[in-house]
Amino acid sequence: MKERARILVVGGGYVGMYTALRLQRRLKAEIRRGEAEITVVSPDPYMTYQPFLPEAAAGSISPRHVVVPLRRVLDRCRIVVGEVRSLDHAARTATLTTLATDEEGGDPRRLEYDELVLAPGSVARTLPVPGLADHGIGFKTVEEAIGLRNHVLEQMDIASSTRDPAVRDAALTFVFVGGGYAGVEALGELEDMARYATRYYHNLTPEDMRWVLVEATGRILPEVGEDMGRYTVTELRRRNIDVRLDTRLDSCADRVARLSDGSRFPTRTVVWTAGVKPHPLLADTGLPLDARGRLLCTPELAVDGAPHAWAAGDAAAVPDVTAPDPGDGPRPLCAPNAQHAVRQAAVLGDNIAHALRGEPLDTYAHRHAGSVASLGLHQGVAHVYGRKLKGYPAWFMHRAYHLSRVPTVNRKARVLAEWVLGGLFTREIVSLGSLEHPRAEFALAAGRKPPHDPEDDPKGST
């Protein structure tokens with residue numbers, strides 16, 4: 001390296017954290033000599049291990065063990081908690097806001113860089129469904145997962161204490177939209193938790209609750225194969241879960257879920273997990289995008305036609321060099337999942353180090369190993385290396401695989417300890433919804449209106 005290199009990593013998720021981790025190891029000597037500097041800009045000071053969100057929602061894992069603090073893991077990087085608003089790659093500058101922006105007068109900061117890693121991830125893909133913005137609940141962050149857990153338990157409390165049958169039925173009806181990993185795993189874990197919790201309510205039974213899964217296509221969990229998808233539908237229906245295939249959510253206005261098949265469910269819970277889309281930041285970068293809004297990348301994970309710009313994960317359209325050559329047509333792209341994101345990050349970190357040293361770049365090549373999904377305690381499906389598993393073996397493989405993949409030995413030990421304790425003792429079924437509005441009680445005592453009005457709560461919490 002002939003001159004000091006400033007590396008900017010946008011995003012602190014899978015790709016952002018693992019790329020920065022790889023870079024600080026590969027460039028350890030250069031960082032120590034002041035020849036390289038790595039800056040990570042992330043809206044949160046932690047990376048969320050999203051496959052554990054369903055178990056966090058069910059209370060099997062503590063929320064703090066689902067996240068990895070960036071400052072501890074990336075101890076040789078500069079962490080900036082903020083958001084990149086725009087990029088001028090020709091001038092190698094990024095405009096960003098931080099937590100201190102409002103205090104400093106509201107003017108955004110400008111940050112210069114030499115190498116750019118774009119890993120902002122994805123955001124929920126929503127549709128113009130009436131009432132969705134007012135009443136829908138997402139399931140992409142740890143805050144949403146814990147909020148949903150509190151909400152489900154709170155609805156059970158409402159149903160247990162009301163004398164109005166309409167209020168009771170609406171409180172005990174839970175509608176999940178989207179039959180992918182997030183929707184099926186969240187539904188399976190929360191239904192399992194709620195069914196267990198009914199034993200502590202004198203006037204609630206599992207049969208009183210109605211769980212509905214709405215999927216617009218004719219199958220769920222396409223990643224585990226058609227056979228395992230059909231088994232999952234059978235297993236969910238055996239648990240009295242209403243699975244609606246080839247069905248869409250047309251409206252959830254006025255807290256009534258209206259489906260395309262004519263069904264109508266008064267409900268206080270609509271969970272939206274119907275896919276994701278690339279982060280809106282990508283549209284403002286001026287870099288080449290594909291039809292879905294992802295960055296066009298080479299097999300070396302460089303942005304096509306944009307020197308010194310790199311990308312991977314959900315934000316990148318990376319050719320899958322392990323797929324059969326289609327001949328005249330373009331190669332298939334790598335699936336936007338965690339399995340590819342983690343492996344791409346390692347190659348991406350190596351390639352940036354290679355580029356800075358004038359060395360040849362590596363090509364990203366990884367065959368999809370398979371998929372695993374949890375359907376609740378001791379229940380799951382898996383399709384790994386051509387082998388199909390279901391029930392307890394698949395559930396065990398799901399836990400073993402993700403335990404091996406969660407970052408840091410600290411997190412692995414804590415998650416394993418919680419699983420062991422969960423097997424020895426009963427579940428926790430306490431709702432801590434008041435944590436979402438910690439000043440409400442004090443504001444009321446001080447004579448002010450609480451900062452949270454229950455009538456304005458889109459989730460219907462008390």
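This is a predicted model: local features need pLDDT of at least 70, side-chain atom pairs count only at pLDDT 80 or more; totals for chains, interfaces and linings use all residues.
I started with H1 and looked up which of its residues are buried: Tyr14, Val15, Gly16, Met17, Tyr18, Thr19, Ala20, Leu21, Leu23 and Gln24. Buried here means under 20% relative accessible area, exposed over 50%, and partly exposed in between (1.4 Å probe, protein chains only). That makes 10 of the 13 residues of H1 buried, so the helix is largely enclosed by the rest of the structure.

Residues are numbered from 1 along each chain as its sequence is written, and side-chain values use heavy atoms, with hydrogens and water left out.

Next I checked the length of H1. Helix H1 covers residues 14–26 and reaches 18 Å from its first C-alpha to its last, close to the 18 Å expected at 1.5 Å a residue. The expected span is 1.5 Å times one less than the number of residues. Helices (H or I, at least four residues) and strands (E, at least two) are DSSP runs, numbered from the N terminus.

Then I moved on to a sheet. I found an open one of 3 strands, in the order S22-S23-S24, with antiparallel pairing. Two strands pair if DSSP finds at least two bridges between them. Strands S22 (370–376) and S24 (387–390) are at the edges with a single partner strand each, so one side of each has no neighbour in the sheet. On average, neighbouring strands here are turned by 5 degrees against each other, direction ignored.

I looked at one pairing up close. S23 (residues 379–384) and S24 pair in the antiparallel sense over 4 bridges. Val381 has Lys390 in S24 as its bridge partner.

What packs on this sheet? Helix H8 (residues 181–197) does, touching S22 and S23, and its direction makes about 30 degrees with that of S22. Contact means heavy atoms within 4.5 Å. Axes are lines fitted to C-alpha atoms, for helices over the stretch in contact, and angles run from 0 to 180 degrees between N-to-C directions. I also noted helix H11 (residues 392–405), which lies across S22, S23 and S24 at about 110 degrees to S22.

Last, I zoomed out. I get 13 helices and 24 strands for the protein chain. The C-alpha atoms fill a box of roughly 75 × 60 × 45 Å along the principal axes. Of the 462 residues, 52% count as buried.
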